[in-house]
Amino acid sequence: MKTTITTLLLAALSFIQLRWERPPVPVRPAAVLETYFNQQMGIVADTLQQLEQAIRSHAPAPVLKRLFRSGRLAYKRAEFLTEYYYPHLIRSINGPALPFADGENSRDILPPQGFQVMEEQLWAPARASGELLAAVTALRAQFTTLQSQTDPYGFMDAYVLDAMRFEIYRIIALGISGYDSPVALLSMPEAAAALEGVRYAVMLYAGSLADSTIKHRLTDRFNAARQYLLQHPGFNEFDRLHFITTYANPLSASLLALQQQLSLQLPQERRILSPQAPHLFAMQYYNANGYSPNHESDPTAVKIQLGQRLFYDPALSGNLQRSCASCHQASKAFTDGMVKNTGLDSKTPIARNTPGLLNTAFQSKQFYDSRAVFLENQVSDVVHNKQEMNGSLQQTAHALKKDSAYVHLFSKAFAAGRNSITEENIANALASFLRSLVSLQSRFDLYMNGDTTALDHTEKKGFNIFMGKGKCGTCHFAPLFNGVAPPYFAEPESEVLGVPESNRPHARLDKDPGKYILYNISIHRYAFKTPTVRNSALTAPYMHNGVFPTLELVIDFYDKGGGAGLGIAPPNQTLPAEKLRLTAQEKKALAAFMQALTDTSSWKPTTAY
């Protein structure tokens with residue numbers, strides 16, 4: 001009896017304990033990813049340590065290359081998190097093997113570091129073991145630090161999903177183009193590894209959905225994309241157009257659907273590409289105000305109307321005879337078709353070729369030398385330039401206050417009546433008009449958004465050459481095709497190409513010092529901002545000095561290795577000196593693709609006011 005009572009009491013106590021015991025707290029996917037991230041950083045660090053030991057023991061090149069490849073593949077599996085949470089370290093981890101100095105924060109020249117430095121050494125005909133060892137040791141220290149890095153807030157779900165989508169964009173623009181692996185050309189296997197990491201993270205989130213449809217769709221799309229990359233590893237032969245439209249873009253759309261299903265919305269922030277974009281090539285989601293100084297500076301319909309009127313008004317020039325439209329003609333995609341225009345004396349050539357203005361809102365710096373941060377700065381610079389307009393915004397404001405039509409327009413645009421006609425508002429009105437010159441609906445854009453008839457076979461081939469063998473896409477980043485790289489669209493690239501001073505045989509290097517004028521930093525000598533090649537079929541002649549009258553001559557210049565191929569390269573040329581070895585058909589296809597980037601439907605030329 002006693003035993004029975006004891007057994008019943010124990011059973012009752014066990015029941016009470018089970019009844020009131022709290023259920024286990026589910027582990028957050030973001031917390032699992034923190035562990036995953038630390039593990040991947042450790043794997044990279046360990047692999048680099050093995051590479052160090054192999055270098056010290058004089059292991060053969062195949063062994064060194066195998067260890068290098070293993071290390072970078074491990075990095076790629078966590079790249080979506082590293083890139084997103086530690087962007088300040090990316091240049092020293094896997095940035096270009098070129099010295100760097102931004103001039104704004106520091107004039108010190110930082111030597112190149114990271115995987116690409118190691119890649120150049122390992123694939124070079126002659127290897128400097130000391131330099132290679134130093135690069136490996138420095139990089140291992142980076143990953144050892146990252147392995148022990150702790151963020152007090154940890155990874156947050158909405159931002160992790162954002163990081164995943166950014167990685168798809170990065171694979172398209174920087175991965176499969178060869179930007180990340182310019183010498184070894186390991187782009188496709190590395191892109192597959194990057195997808196592995198994103199897929200691991202995605203499944204942590206998709207598993208919580210009651211409806212498994214999205215999870216299954218994501219699984220199928222990840223597997224298919226990865227399989228295609230691994231089955232087509234050849235760099236020159238890889239069909240990037242097919243990969244993007246068939247695999248990458250649908251995958252991006254599925255990630256957006258997952259984010260929306262989980263209600264993981266991001267806080268409002270200023271971006272070039274909206275977080276609501278289904279994929280990188282959804283051009284209607286690009287924000288032309290992304291680089292404006294603030295929300296108050298953003299265009300309105302009235303500001304644009306006012307800015308357009310000012311654009312065609314010679315009142316801004318010192319002699320009251322030249323307007324902005326004198327050199328930026330709408331019928332020529334807002335260029336002038338000249339090698340170099342002339343100053344106000346109609347005789348003296350100005351310093352550089354007139355750049356186009358279409359899509360200028362999508363450049364984070366203005367002018368060939370990147371000296372202006374905002375379009376408002378650009379406007380002021382041009383108006384006050386002695387050669388170009390020799391005007392004064394202050395004097396223009398004084399004159400416009402006497403014009404009733406302008407008083408009315410400024411009052412509508414900025415309020416405050418006559419007092420609204422200020423230097424700042426004139427510049428902002430003009431900048432508002434420039435931000436309205438968006439041209440992102442070319443035949444190429446139509447194709448990337450579902451119109452499979454928009455491009456012919458030659459143009460499709462041309463895109464693949466542009467993004468592959470021609471290596472154009474490593475400087476002119478898709479889909480804006482300028483020098484501002486996705487997914488962050490931050491600092492524009494400046495390149496040293498070795499441009500000749502004329503198109504004649506045996507021409508010398510052009511003497512224009514380019515960006516060097518700003519900061520007097522040696523690596524900036526002859527450096528110029530990378531412009532967009534959208535509408536380039538309408539903007540001849542080309543280069544900062546207008547030296548090449550046709551696209552075909554530009555392609556030939558790059559095919560030869562730029563200035564290096566002409567024997568005039570400066571020592572700091574950033575364009576690879578190796579010949580591209582494009583065939584005549586490939587050059588023709590490349591030119592055809594750039595023709596397909598022409599869009600005359602998005603903007604309507606206006607001749608005068």
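Author: The lining of the second largest pocket comprises 16 nonpolar, seven polar and six charged residues, where Ala, Val, Leu, Ile, Met, Phe, Trp, Tyr, Cys and Pro count as nonpolar, Asp, Glu, Lys and Arg as charged, and the others, Gly among them, as polar. The model is predicted, so local features need pLDDT of at least 70 and side-chain atom pairs pLDDT 80 or more, while totals for chains, interfaces and linings use all residues. Residues are numbered from 1 along each chain as its sequence is written, and side-chain values use heavy atoms, with hydrogens and water left out.

Reader: What volume does the second largest pocket have, and which residues lie nearest its centre?

Author: Rolling a probe the size of a water molecule over the atoms shows where empty space is left. On a 1 Å grid over the protein atoms alone, a pocket is an open set of points with protein on both sides within 12 Å along at least five of seven lines, a cavity is a set where a 1.4 Å probe fits but cannot get out, and lining residues have an atom within 4 Å of a point. Here the second largest pocket holds about 590 Å³, and of its 29 lining residues, Pro 355, Phe 367, Arg 371, Val 382 and Glu 388 lie nearest the centre. Helices α13 (375-384) and α16 (423-435) each supply at least two lining residues, and α13 gives the most, with four.

Reader: How many cavities are there, and what lines the largest cavity?

Author: Eight cavities of 30 Å³ or more are found in the whole structure, and the largest has a volume of about 70 Å³. Among the residues lining the largest cavity are Asp 162, Arg 165, Gln 259 and Leu 266, and the whole lining divides into four nonpolar, four polar and two charged residues. Helix α11 gives the most to this lining, with three residues.

Reader: Is Gln 259 buried or exposed?

Author: Gln 259, which lies in α11, is buried because its relative accessibility is 6%, and buried means under 20%. Its contacts (heavy atoms within 4.5 Å) include Asp 162, Arg 165 and Leu 266.

Reader: At what angle do α12 and α16 pack?

Author: Two packed helices are described by the angle between their axes and the distance between the axes. Helix α12 (residues 301-311) packs against α16 at about 100°, with the axes 7 Å apart, and therefore the two are roughly perpendicular, a term that covers 65 to 115 degrees. Their contact has nine nonpolar, four polar and one charged residues, including Leu 306 and Phe 311 in α12 and Leu 430 and Phe 433 in α16.

Technical notes. Grid points are joined across faces, edges and corners, and a volume is the space filled by probe spheres set on the points. Buried means under 20% relative accessible area, exposed over 50%, partly exposed in between (1.4 Å probe, protein chains only). Axes are lines fitted to C-alpha atoms, for helices over the stretch in contact, and angles run from 0 to 180 degrees between N-to-C directions. Angles under 35 degrees count as roughly parallel, over 145 as roughly antiparallel, 65 to 115 as roughly perpendicular and the rest as oblique. Lists of a residue's contacts leave out its neighbours within four places in sequence.
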